[in-house]
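Me: I would like to go through this structure with you, step by step. Could we begin with what the terms mean?

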Amino acid sequence: MTACAIETAAENGAVATTEGTEGAGSTEVPGDADGAEVPEAGESAWVAGSGADTAAGPAGAATDPAFTIAADGTYGARLAGTGDAVYPERWTLDGPEPYAVPLPLDQPEEREAEVLPLSDGRVLIRRRVAERHTFSLLYPTGPATGELPLGAVTAEELRLLPPSPDGVRAYALAPGERSTGIWLVAGGAFGPEHLADVPGRCSGGAWLDRAGRLLALDRRQPDGGPVKTVAVDLARGGEVTPLLQITEDSDDRLLLADADSGLLMIRSNAPGPGDDRLGWGVLGSLRPVRFPESLRLPDALVTPFAVQPAQVLMPETCAVALRIDGAAGSWVGVWRPSGRRLHQLAPPEGWLAGAGMWSRDGVLQLPYVTRSMPCGVARAAASEVFATESAETFAHGTATEPAQPEAAGGEPCEGFRSPLVRRPVPLQQAPLSDRSTRG
């Protein structure tokens with residue numbers, strides 16, 4: 001495979017690491033008082049090359065609304081263009097080289113439109129027309145763009161859910177005043193189909209299985225109260241069961257779920273009022289949610305967007321990619337539960353922030369756009385990132401013995417012991433429920 005280096009990360013080729021240990025205090029990132037500092041650009045492990053080995057991205061991976069990747073990693077889609085000349089663009093990611101195909105129609109699209117790629121190469125687009133949301137499938141037909149209208153949904157608010165794991169169907173969420181509608185908007189027999197109403201106002205959205213049956217949503221009850229994650233069984237008429245409740249009064253949101261390993265990435269204010277922390281747990285496990293100190297950066301928001309797939313029954317070994325947003329911009333973090341460090345990397349120039357995926361063998365792939373490269377994918381191997389021990393650090397911490405017993409993989413538990421609620425198992429997918437000794 002031919003690859004060329006791009007000048008995007010630390011000047012000496014290193015990555016930044018944030019070391020967090022119990023008792024070491026808050027981890028600080030050098031920079032001004034307004035926020036964390038972005039790792040400096042320069043030579044790095046990022047390479048741009050072939051698009052091979054991009055399949056098998058994690059279901060439910062969170063991506064930036066500007067760029068969405070199909071569940072199997074074969075295609076991506078975004079709204080491209082400048083000013084008012086906006087049009088859908090499809091990226092092919094599973095060939096020898098990534099390439100983009102514009103899908104313009106007779107008139108430009110509104111910037112609030114949403115696009116979502118299917119595994120057959122077609123791109124679903126949602127447009128808003130007054131109180132109606134219309135759906136169409138777009139596809140290249142020689143020099144032109146073909147369009148297949150699917151129908152419309154009348155709703156004040158509606159947004160597409162992350163790509164379904166089967167790559168064929170697409171779903172949308174329509175939050176209302178007292179309940180939230182779940183719609184099948186592509187892949188059905190007769191256009192958009194209303195599947196269920198979930199009491200309360202729902203947000204988020206993460207797939208819990210590879211069949212596209214169990215959907216996790218963050219819900220606030222109609223009468224108010226804290227946000228809790230629930231599981232919705234789409235094969236049983238939208239049956240709702242509790243999934244995540246750390247404390248009775250905490251806001252607990254599921255950001256990312258990996259069906260292979262059962263790894264859950266969670267944001268909660270359970271550790272302290274007004275203190276939203278990023279933590280991790282295991283689907284179906286009674287072990288506590290952990291809130292690593294290494295994932296806590298001052299003046300920066302850390303959000304996971306991709307989990308390494310195919311780590312069956314091994315959540316502690318999964319590599320997790322994170323978007324770090326500070327006053328100076330956005331950059332990349334790489335972390336895994338069995339480690340005790342957050343490795344920070346300057347992203348490739350033109351990164352479509354928040355978008356990316358892992359290959360099965362642990363290569364992080366980030367899409368980027370520059371004037372000279374309108375469709376590029378930069379790559380870095382997790383093995384190289386995690387092997388870097390003498391890298392320049394942008395957040396200083398002192399390695400100390402943990403002040404309390406450590407959780408699985410040596411990650412210190414932040415003193416919070418409330419258990420993760422066991423999920424329902426309508427699909428008999430509970431291989432992790434007996435992992436009480438491993439977390």
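Predicted model: local features only at pLDDT ≥ 70, side-chain atom pairs only at ≥ 80, totals over all residues.

Me: Okay, so how many residues of β29 are buried?

Reply: Strand β29, residues 376-381, is mostly covered, with 6 of its 6 residues buried.

Me: And which residues point which way from β29?

Reply: G376, A378 and A380 point one way, while V377, R379 and A381 point the other way. In a regular strand, side chains alternate between the two faces of the sheet.

Me: Which strand pairs with β29, and in which sense?

Reply: Strand β28, residues 363-368, pairs with β29 in the antiparallel sense over 6 bridges. Within this pairing, L364 has A380 of β29 as its bridge partner.

Me: Switching topic: what is the strand order in the sheet with β21?

Reply: The order is β20-β21-β22, an open sheet of 3 strands with antiparallel pairing. β20 (252-257) and β22 (277-282) each have a single partner strand, so one side of each is left without a neighbour in the sheet. From one strand to the next, the twist averages 30°.

Me: How many bridges join β20 and β21?

Reply: These two strands pair over 5 bridges. L256, for instance, has M265 in β21 as its bridge partner.

Me: Last one: which residues form the nonpolar patch on the surface?

Reply: V312, L313 and M314 form that patch, and together they have about 230 Å² of accessible area. L313 lies in the loop between β23 (300-307) and β24 (320-326). Its relative accessibility is 32%, so L313 counts as partly exposed.

Note on methods
Residues numbered from 1 in each chain as written. Heavy atoms only, no water. Buried < 20%, exposed > 50% of the residue type's maximum accessible area, 1.4 Å probe, protein only. Helix = DSSP H or I, 4+ residues; strand = E, 2+ residues; numbered from the N terminus. Pairing = 2+ DSSP bridges. Axes fitted to C-alpha atoms, helices over the stretch in contact; angles between N-to-C directions. Patch = residues over 30% accessible without salt bridge, like charges linked within 9 Å, V, L, I, M, F, W, Y side chains within 5 Å. Areas by Shrake-Rupley, 256 points an atom, 1.4 Å probe, with all protein chains shown as cover. Salt bridge = Lys/Arg side-chain N within 4 Å of Asp/Glu carboxyl O.
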